[in-house]
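Hi everyone, thanks for making time for this. I'd like to walk you through one structure, so please have a look at it before I start talking.

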Amino acid sequence: MLAVSRPQEGDRDVSGEGALTDLDPAVITRGLTKRFGNLVAVDHLDLVVKTGELYGFLGPNGAGKSTTLRMLTGIMEPTEGEGAVLGIDLRRDPERVKSSIGYMSQRFSLYDDLTVDENLTFYARVYMVPRGERAGRIEQMIRLAGLGGRERQLAGHLSGGFRQRLALVCALVHRPRLVFLDEPTAGVDPVSRRTFWALIRRLADEGTTVLVTTHYMDEAELCDSLGFIYQGRLIAAGSPERIKKDTFGRAVIELEAPALREAADALADADAVEEVVRVGGRLRLIVAPGGPDAEGVRRLLADRGFAVTWAREVEPSVEDLFVSFVDKERKTRVRDQLRALREG
Ligand SMILES: Nc1ncnc2c1ncn2[C@@H]1O[C@H](COP(=O)(O)OP(=O)(O)O)[C@@H](O)[C@H]1O
Ligand SMILES: [Mg+2]
(Lines give C-alpha, C1' and ligand atoms only; values in the text may rest on other atoms or scores of the structure.)
(Ligands and ions follow the chains in the order given, each with its own letter.)
Protein backbone atom coordinates (compact mmCIF):
# COMPACT_ATOMS: atom_id res chain seq x y z
CA MET A 1 0.00 0.00 0.00
CA LEU A 2 1.40 3.38 -0.94
CA ALA A 3 1.32 6.20 1.55
CA VAL A 4 -0.35 8.93 -0.45
CA SER A 5 -2.63 11.62 0.74
CA ARG A 6 -5.76 12.16 -1.24
CA PRO A 7 -5.58 15.09 -3.67
CA GLN A 8 -7.96 17.91 -2.94
CA GLU A 9 -9.98 19.79 -5.50
CA GLY A 10 -7.87 22.57 -6.99
CA ASP A 11 -4.64 21.29 -5.48
CA ARG A 12 -1.64 21.99 -7.61
CA ASP A 13 1.97 21.28 -6.91
CA VAL A 14 4.36 23.99 -7.90
CA SER A 15 7.47 22.87 -6.06
CA GLY A 16 8.59 20.41 -8.73
CA GLU A 17 11.05 18.52 -6.55
CA GLY A 18 10.60 16.64 -3.30
CA ALA A 19 9.52 13.34 -1.82
CA LEU A 20 6.81 11.49 -3.74
CA THR A 21 4.33 11.97 -0.93
CA ASP A 22 4.89 15.74 -0.95
CA LEU A 23 3.67 15.95 -4.53
CA ASP A 24 0.17 14.91 -3.61
CA PRO A 25 0.02 13.16 -6.94
CA ALA A 26 -3.09 12.11 -8.83
CA VAL A 27 -1.21 9.05 -10.07
CA ILE A 28 1.71 7.32 -8.43
CA THR A 29 3.22 3.92 -9.17
CA ARG A 30 6.22 2.01 -7.92
CA GLY A 31 7.68 -0.84 -9.91
CA LEU A 32 4.41 -1.31 -11.79
CA THR A 33 4.90 -4.30 -14.06
CA LYS A 34 2.79 -6.36 -16.46
CA ARG A 35 3.97 -9.57 -18.06
CA PHE A 36 2.20 -11.52 -20.77
CA GLY A 37 3.97 -14.87 -20.66
CA ASN A 38 7.59 -14.08 -21.42
CA LEU A 39 6.86 -10.59 -22.67
CA VAL A 40 7.37 -7.75 -20.19
CA ALA A 41 4.87 -5.21 -21.57
CA VAL A 42 5.33 -2.78 -18.67
CA ASP A 43 8.62 -2.99 -16.83
CA HIS A 44 8.92 -1.55 -13.30
CA LEU A 45 7.29 1.75 -14.03
CA ASP A 46 7.64 4.59 -11.49
CA LEU A 47 5.16 7.17 -12.62
CA VAL A 48 4.09 10.40 -10.93
CA VAL A 49 1.32 12.57 -12.35
CA LYS A 50 0.65 15.71 -10.36
CA THR A 51 -2.84 16.86 -9.58
CA GLY A 52 -4.26 19.19 -12.20
CA GLU A 53 -1.64 18.65 -14.86
CA LEU A 54 -1.90 17.65 -18.48
CA TYR A 55 0.46 14.71 -18.71
CA GLY A 56 1.57 13.35 -22.07
CA PHE A 57 2.49 9.67 -22.06
CA LEU A 58 4.57 9.08 -25.16
CA GLY A 59 5.98 6.02 -26.80
CA PRO A 60 6.07 4.17 -30.11
CA ASN A 61 3.57 1.43 -30.92
CA GLY A 62 3.91 -1.53 -28.59
CA ALA A 63 5.78 0.49 -25.95
CA GLY A 64 3.28 -0.41 -23.22
CA LYS A 65 1.11 2.72 -23.03
CA SER A 66 -2.32 1.04 -23.27
CA THR A 67 -1.28 -1.73 -20.89
CA THR A 68 -0.20 0.90 -18.36
CA LEU A 69 -3.53 2.70 -18.72
CA ARG A 70 -5.44 -0.56 -18.26
CA MET A 71 -3.65 -1.08 -14.97
CA LEU A 72 -4.13 2.52 -13.84
CA THR A 73 -7.86 2.35 -14.57
CA GLY A 74 -8.33 -0.78 -12.46
CA ILE A 75 -9.21 -2.92 -15.46
CA MET A 76 -6.10 -5.09 -15.49
CA GLU A 77 -4.25 -6.46 -12.49
CA PRO A 78 -0.52 -5.70 -12.35
CA THR A 79 1.83 -8.69 -12.30
CA GLU A 80 4.08 -6.88 -9.88
CA GLY A 81 4.47 -3.49 -8.23
CA GLU A 82 1.96 -1.07 -6.81
CA GLY A 83 0.16 2.13 -7.53
CA ALA A 84 -2.55 4.52 -6.48
CA VAL A 85 -4.79 6.91 -8.38
CA LEU A 86 -6.62 9.70 -6.54
CA GLY A 87 -5.23 8.10 -3.38
CA ILE A 88 -7.00 4.78 -4.15
CA ASP A 89 -4.87 1.66 -4.15
CA LEU A 90 -4.95 -0.12 -7.53
CA ARG A 91 -4.72 -3.60 -6.10
CA ARG A 92 -6.93 -3.23 -3.06
CA ASP A 93 -9.75 -1.26 -4.58
CA PRO A 94 -9.87 -1.55 -8.40
CA GLU A 95 -13.66 -1.13 -8.41
CA ARG A 96 -13.45 2.22 -6.67
CA VAL A 97 -10.69 3.22 -9.09
CA LYS A 98 -12.98 2.41 -12.04
CA SER A 99 -15.84 4.51 -10.73
CA SER A 100 -13.67 7.47 -9.70
CA ILE A 101 -11.79 8.05 -12.91
CA GLY A 102 -12.76 8.67 -16.53
CA TYR A 103 -11.32 6.48 -19.28
CA MET A 104 -11.45 6.88 -23.02
CA SER A 105 -10.02 3.69 -24.45
CA GLN A 106 -8.05 3.48 -27.66
CA ARG A 107 -11.14 2.34 -29.55
CA PHE A 108 -13.73 4.82 -28.38
CA SER A 109 -16.33 2.71 -26.61
CA LEU A 110 -19.38 4.29 -28.18
CA TYR A 111 -22.55 2.55 -29.20
CA ASP A 112 -22.94 3.37 -32.88
CA ASP A 113 -26.59 2.33 -32.91
CA LEU A 114 -27.44 4.69 -30.04
CA THR A 115 -27.88 8.43 -30.40
CA VAL A 116 -25.60 11.03 -28.85
CA ASP A 117 -28.10 11.49 -26.03
CA GLU A 118 -28.50 7.77 -25.48
CA ASN A 119 -24.76 7.20 -25.31
CA LEU A 120 -24.42 9.89 -22.66
CA THR A 121 -27.40 8.52 -20.74
CA PHE A 122 -25.87 5.06 -20.83
CA TYR A 123 -22.57 6.31 -19.37
CA ALA A 124 -24.33 8.51 -16.83
CA ARG A 125 -26.05 5.34 -15.54
CA VAL A 126 -22.88 3.25 -15.60
CA TYR A 127 -21.08 5.93 -13.61
CA MET A 128 -24.08 6.31 -11.32
CA VAL A 129 -24.76 9.97 -11.85
CA PRO A 130 -27.78 10.59 -9.56
CA ARG A 131 -31.02 10.37 -11.57
CA GLY A 132 -32.04 13.94 -10.75
CA GLU A 133 -28.76 15.33 -12.07
CA ARG A 134 -28.57 13.33 -15.30
CA ALA A 135 -30.46 15.61 -17.68
CA GLY A 136 -28.53 18.71 -16.60
CA ARG A 137 -25.22 16.91 -16.72
CA ILE A 138 -25.88 15.51 -20.20
CA GLU A 139 -26.82 18.95 -21.45
CA GLN A 140 -23.60 20.33 -20.00
CA MET A 141 -21.56 17.60 -21.72
CA ILE A 142 -23.27 18.26 -25.06
CA ARG A 143 -22.33 21.91 -24.76
CA LEU A 144 -18.76 21.08 -23.76
CA ALA A 145 -18.33 18.83 -26.80
CA GLY A 146 -20.00 21.29 -29.18
CA LEU A 147 -22.62 18.66 -30.01
CA GLY A 148 -25.64 20.94 -29.65
CA GLY A 149 -28.29 20.12 -32.27
CA ARG A 150 -26.94 16.59 -32.75
CA GLU A 151 -28.51 15.00 -29.66
CA ARG A 152 -30.70 12.67 -31.74
CA GLN A 153 -28.06 11.66 -34.27
CA LEU A 154 -26.71 8.13 -34.17
CA ALA A 155 -23.15 8.02 -32.89
CA GLY A 156 -22.27 5.88 -35.89
CA HIS A 157 -23.29 8.70 -38.22
CA LEU A 158 -21.04 11.34 -36.64
CA SER A 159 -17.80 12.45 -38.26
CA GLY A 160 -14.48 11.46 -36.62
CA GLY A 161 -14.03 14.70 -34.70
CA PHE A 162 -17.55 14.63 -33.23
CA ARG A 163 -17.28 10.93 -32.33
CA GLN A 164 -14.05 11.64 -30.54
CA ARG A 165 -15.53 14.53 -28.55
CA LEU A 166 -18.61 12.46 -27.72
CA ALA A 167 -16.34 9.69 -26.43
CA LEU A 168 -14.50 12.26 -24.32
CA VAL A 169 -17.61 13.66 -22.69
CA CYS A 170 -18.95 10.14 -22.07
CA ALA A 171 -15.79 9.65 -19.99
CA LEU A 172 -16.43 12.96 -18.20
CA VAL A 173 -20.14 12.62 -17.45
CA HIS A 174 -19.56 11.77 -13.76
CA ARG A 175 -17.11 14.70 -13.46
CA PRO A 176 -14.04 12.67 -12.54
CA ARG A 177 -11.02 14.55 -11.21
CA LEU A 178 -8.74 12.33 -13.28
CA VAL A 179 -9.16 11.13 -16.86
CA PHE A 180 -7.13 8.72 -18.96
CA LEU A 181 -7.27 9.21 -22.71
CA ASP A 182 -5.67 6.57 -24.90
CA GLU A 183 -4.66 7.99 -28.30
CA PRO A 184 -7.81 10.09 -28.47
CA THR A 185 -6.76 11.88 -31.65
CA ALA A 186 -5.53 8.92 -33.70
CA GLY A 187 -6.98 9.15 -37.19
CA VAL A 188 -8.77 12.46 -36.56
CA ASP A 189 -8.39 15.44 -38.91
CA PRO A 190 -6.03 18.29 -37.90
CA VAL A 191 -8.76 20.84 -37.16
CA SER A 192 -10.60 18.42 -34.88
CA ARG A 193 -7.32 17.53 -33.22
CA ARG A 194 -6.77 21.18 -32.39
CA THR A 195 -10.32 21.63 -31.04
CA PHE A 196 -9.87 18.52 -28.95
CA TRP A 197 -6.60 19.76 -27.43
CA ALA A 198 -8.11 23.13 -26.62
CA LEU A 199 -10.82 21.21 -24.78
CA ILE A 200 -8.50 19.03 -22.69
CA ARG A 201 -6.19 21.99 -22.03
CA ARG A 202 -9.18 23.80 -20.57
CA LEU A 203 -10.14 20.78 -18.48
CA ALA A 204 -6.66 20.65 -17.00
CA ASP A 205 -6.60 24.40 -16.39
CA GLU A 206 -9.84 24.00 -14.48
CA GLY A 207 -8.26 21.37 -12.21
CA THR A 208 -8.94 17.99 -13.84
CA THR A 209 -5.86 15.84 -14.13
CA VAL A 210 -5.49 14.51 -17.67
CA LEU A 211 -3.19 11.68 -18.72
CA VAL A 212 -3.15 11.35 -22.48
CA THR A 213 -1.20 9.06 -24.78
CA THR A 214 -0.23 10.21 -28.24
CA HIS A 215 2.41 9.82 -30.84
CA TYR A 216 1.75 13.19 -32.38
CA MET A 217 4.76 15.17 -31.25
CA ASP A 218 3.10 18.56 -31.82
CA GLU A 219 0.52 17.53 -29.21
CA ALA A 220 3.24 16.55 -26.79
CA GLU A 221 4.54 20.12 -26.88
CA LEU A 222 1.23 21.24 -25.31
CA CYS A 223 1.61 19.10 -22.17
CA ASP A 224 2.72 20.27 -18.71
CA SER A 225 4.71 17.06 -18.18
CA LEU A 226 5.85 14.22 -20.36
CA GLY A 227 6.76 10.62 -19.75
CA PHE A 228 8.58 8.65 -22.45
CA ILE A 229 7.98 4.91 -22.40
CA TYR A 230 9.96 2.53 -24.54
CA GLN A 231 9.84 -1.26 -24.35
CA GLY A 232 7.85 -1.02 -21.16
CA ARG A 233 10.34 1.23 -19.40
CA LEU A 234 10.03 4.88 -18.51
CA ILE A 235 13.15 6.34 -20.07
CA ALA A 236 12.56 10.04 -19.30
CA ALA A 237 9.99 12.13 -17.46
CA GLY A 238 9.44 15.73 -16.47
CA SER A 239 8.34 19.04 -17.92
CA PRO A 240 9.22 19.48 -21.60
CA GLU A 241 11.60 22.32 -20.65
CA ARG A 242 13.38 20.29 -18.00
CA ILE A 243 13.73 17.24 -20.22
CA LYS A 244 15.14 19.44 -22.99
CA LYS A 245 17.62 21.07 -20.66
CA ASP A 246 18.65 18.36 -18.21
CA THR A 247 17.89 14.94 -19.66
CA PHE A 248 18.47 15.56 -23.33
CA GLY A 249 21.66 17.62 -22.92
CA ARG A 250 22.32 17.93 -26.64
CA ALA A 251 22.49 20.88 -28.98
CA VAL A 252 20.27 20.95 -32.04
CA ILE A 253 21.69 22.89 -34.95
CA GLU A 254 20.05 23.87 -38.19
CA LEU A 255 21.93 24.96 -41.28
CA GLU A 256 21.59 25.71 -44.92
CA ALA A 257 24.26 24.84 -47.46
CA PRO A 258 24.37 24.85 -51.28
CA ALA A 259 25.35 21.16 -51.52
CA LEU A 260 22.80 19.98 -48.97
CA ARG A 261 22.80 16.25 -49.65
CA GLU A 262 26.59 15.95 -49.75
CA ALA A 263 26.92 18.06 -46.59
CA ALA A 264 24.38 15.77 -44.89
CA ASP A 265 26.44 12.70 -45.82
CA ALA A 266 29.61 14.33 -44.50
CA LEU A 267 27.89 15.21 -41.20
CA ALA A 268 26.38 11.75 -40.82
CA ASP A 269 29.93 10.35 -40.87
CA ALA A 270 31.13 12.70 -38.11
CA ASP A 271 31.36 11.07 -34.67
CA ALA A 272 30.15 14.21 -32.89
CA VAL A 273 26.90 14.21 -34.86
CA GLU A 274 24.27 11.79 -33.60
CA GLU A 275 21.66 12.42 -36.21
CA VAL A 276 21.12 14.43 -39.38
CA VAL A 277 17.71 14.95 -40.92
CA ARG A 278 16.70 17.04 -43.86
CA VAL A 279 13.85 19.44 -43.13
CA GLY A 280 12.73 21.24 -46.27
CA GLY A 281 15.76 23.10 -47.59
CA ARG A 282 17.68 22.80 -44.32
CA LEU A 283 19.60 20.23 -42.31
CA ARG A 284 18.78 19.62 -38.69
CA LEU A 285 21.43 17.93 -36.57
CA ILE A 286 21.51 16.54 -33.09
CA VAL A 287 25.02 16.97 -31.76
CA ALA A 288 26.48 14.52 -29.22
CA PRO A 289 27.06 15.96 -25.72
CA GLY A 290 30.31 17.92 -25.70
CA GLY A 291 30.22 18.17 -29.51
CA PRO A 292 30.65 21.29 -31.65
CA ASP A 293 28.41 24.36 -31.54
CA ALA A 294 27.00 26.03 -34.67
CA GLU A 295 30.34 27.66 -35.46
CA GLY A 296 32.12 24.34 -34.90
CA VAL A 297 29.76 22.59 -37.32
CA ARG A 298 30.45 25.28 -39.89
CA ARG A 299 34.21 24.69 -39.49
CA LEU A 300 33.74 20.93 -39.63
CA LEU A 301 32.00 21.32 -42.98
CA ALA A 302 34.52 23.90 -44.23
CA ASP A 303 37.35 21.44 -43.46
CA ARG A 304 35.62 18.96 -45.74
CA GLY A 305 35.23 21.56 -48.48
CA PHE A 306 31.56 22.51 -47.97
CA ALA A 307 30.24 26.06 -47.96
CA VAL A 308 27.59 26.88 -45.34
CA THR A 309 25.03 29.63 -45.94
CA TRP A 310 24.11 29.86 -42.26
CA ALA A 311 24.14 27.63 -39.16
CA ARG A 312 22.50 28.28 -35.82
CA GLU A 313 21.45 26.49 -32.67
CA VAL A 314 17.70 25.95 -32.30
CA GLU A 315 15.42 24.76 -29.49
CA PRO A 316 15.07 20.95 -29.43
CA SER A 317 11.58 19.71 -30.28
CA VAL A 318 9.82 16.92 -28.43
CA GLU A 319 10.39 14.83 -31.53
CA ASP A 320 14.16 15.35 -31.19
CA LEU A 321 13.97 14.08 -27.60
CA PHE A 322 11.85 11.13 -28.56
CA VAL A 323 14.02 9.95 -31.43
CA SER A 324 17.16 10.46 -29.42
CA PHE A 325 15.87 8.58 -26.32
CA VAL A 326 14.70 5.67 -28.39
CA ASP A 327 18.05 5.53 -30.15
CA LYS A 328 20.01 5.83 -26.94
CA GLU A 329 18.02 2.96 -25.49
CA ARG A 330 18.67 0.87 -28.58
CA LYS A 331 22.39 1.55 -28.38
CA THR A 332 22.51 0.66 -24.69
CA ARG A 333 20.67 -2.57 -25.40
CA VAL A 334 23.07 -3.51 -28.16
CA ARG A 335 25.98 -2.77 -25.83
CA ASP A 336 24.40 -4.95 -23.12
CA GLN A 337 23.93 -7.79 -25.58
CA LEU A 338 27.54 -7.51 -26.72
CA ARG A 339 28.77 -7.59 -23.13
CA ALA A 340 26.62 -10.66 -22.42
CA LEU A 341 28.10 -12.41 -25.45
CA ARG A 342 31.65 -11.58 -24.35
CA GLU A 343 31.02 -12.76 -20.81
CA GLY A 344 28.96 -15.79 -21.80
N1 LIG B 1 -3.58 -8.91 -23.69
C2 LIG B 1 -2.35 -9.04 -24.20
N3 LIG B 1 -1.79 -10.27 -24.32
C4 LIG B 1 -0.53 -10.43 -24.80
N5 LIG B 1 0.27 -9.40 -25.17
C6 LIG B 1 -0.23 -8.16 -25.07
C7 LIG B 1 -1.56 -7.92 -24.59
N8 LIG B 1 -1.77 -6.58 -24.58
C9 LIG B 1 -0.65 -6.02 -25.05
N10 LIG B 1 0.27 -6.95 -25.35
C11 LIG B 1 1.64 -6.71 -25.83
O12 LIG B 1 2.26 -5.83 -24.90
C13 LIG B 1 3.06 -4.88 -25.56
C14 LIG B 1 2.59 -3.47 -25.21
O15 LIG B 1 1.33 -3.27 -25.82
P16 LIG B 1 0.50 -1.92 -25.60
O17 LIG B 1 0.42 -1.65 -24.15
O18 LIG B 1 -0.77 -2.10 -26.34
O19 LIG B 1 1.44 -0.85 -26.30
P20 LIG B 1 1.08 0.61 -26.85
O21 LIG B 1 -0.25 0.99 -26.31
O22 LIG B 1 2.18 1.47 -26.35
O23 LIG B 1 1.09 0.52 -28.34
C24 LIG B 1 2.97 -5.20 -27.05
O25 LIG B 1 4.08 -6.00 -27.39
C26 LIG B 1 1.68 -5.97 -27.15
O27 LIG B 1 1.70 -6.84 -28.24
MG1 LIG C 1 -1.99 1.58 -27.29
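Let me begin with a question: which residues of helix 1 are buried? They are K65, S66, T67, T68, L69, R70, M71 and L72. Since that is 8 of the 8 residues, helix 1 is largely enclosed by the rest of the structure. Just after helix 1 you come to G74, which takes a positive phi of about 80 degrees.

Before I go on, please keep in mind that this is a predicted model. The protein has 344 residues, and buried ones make up 40% of them. There are 11 helices and 15 strands to look through. If you take the contacts between residues at least 6 apart in sequence, 67% of them join residues at least 24 apart.

Now, the ligand. Helix 1 comes up again here, as it gives the most to the shell around ligand 1, with 3 residues. Strand 2, residues 39-45, also supplies at least two residues of that shell. If you want to find the site on your screen, look for F36, L39, A41, G59, N61, G62, A63, G64, K65, S66 and T67 around ligand 1. How many of the shell residues are nonpolar, polar and charged? By class, we have 4 nonpolar, 6 polar and 1 charged.

Next, strand 4, which covers residues 54-58. Is this strand mostly covered or open? It is mostly covered, with 5 of its 5 residues buried. That holds for both faces: L54, G56 and L58 are buried on one side, and Y55 and F57 on the other. Which strands are joined to strand 4 by bridges? One is strand 9, residues 209-214, which runs parallel to strand 4 and is joined to it by 5 bridges. Within that pairing, G56 has V212 as its bridge partner. Another is strand 10, residues 225-230, also parallel to strand 4 and joined by 4 bridges. There, L58 stands opposite F228.

Let's move to V179, in strand 8, residues 178-182. Why does V179 count as buried? Because V179 has 22 C-beta neighbours inside 10 Å, and the cut-off for buried is 20 or more. Leaving aside neighbours within four places in sequence, V179 is in contact with I101, G102, A171, L172, T208 and V210. The C-alpha atom of V179 is also separated by 6.3 Å from that of L211, and those two residues are 32 apart along the chain.

As a bit of background, nonpolar side chains in soluble globular proteins tend to be buried together. In this model the largest nonpolar core has 71 residues, and V85 and V173 are the ones that touch the most other members. Helix 5, residues 160-172, provides the largest share of this core, 7 residues. The core also draws at least three residues from each of domain 1 (20-245) and domain 2 (247-343). Apart from it lies another core, of 16 residues, including L255, A263, A264 and V297.

Coming back to V173, what does it touch beyond residues up to four places away in sequence? V173 touches L120, Y123, A124, Y127, V129, R137 and M141.

That's my tour, and I'm happy to go back to any part of it with you.

Notes
Residues numbered from 1 in each chain as written. Chains lettered and ligands numbered in written order. Predicted model: local features only at pLDDT ≥ 70, side-chain atom pairs only at ≥ 80, totals over all residues. Buried ≥ 20, exposed ≤ 12 C-beta atoms within 10 Å, placed from the backbone. Contact = placed C-beta atoms within 7 Å. Near = placed C-beta within 6 Å. Nonpolar A, V, L, I, M, F, W, Y, C, P; charged D, E, K, R; others polar. Core = buried A, V, L, I, M, F, W, Y, C linked by C-beta atoms within 7 Å. Domains from an automatic or database assignment. Pairing = 2+ DSSP bridges.
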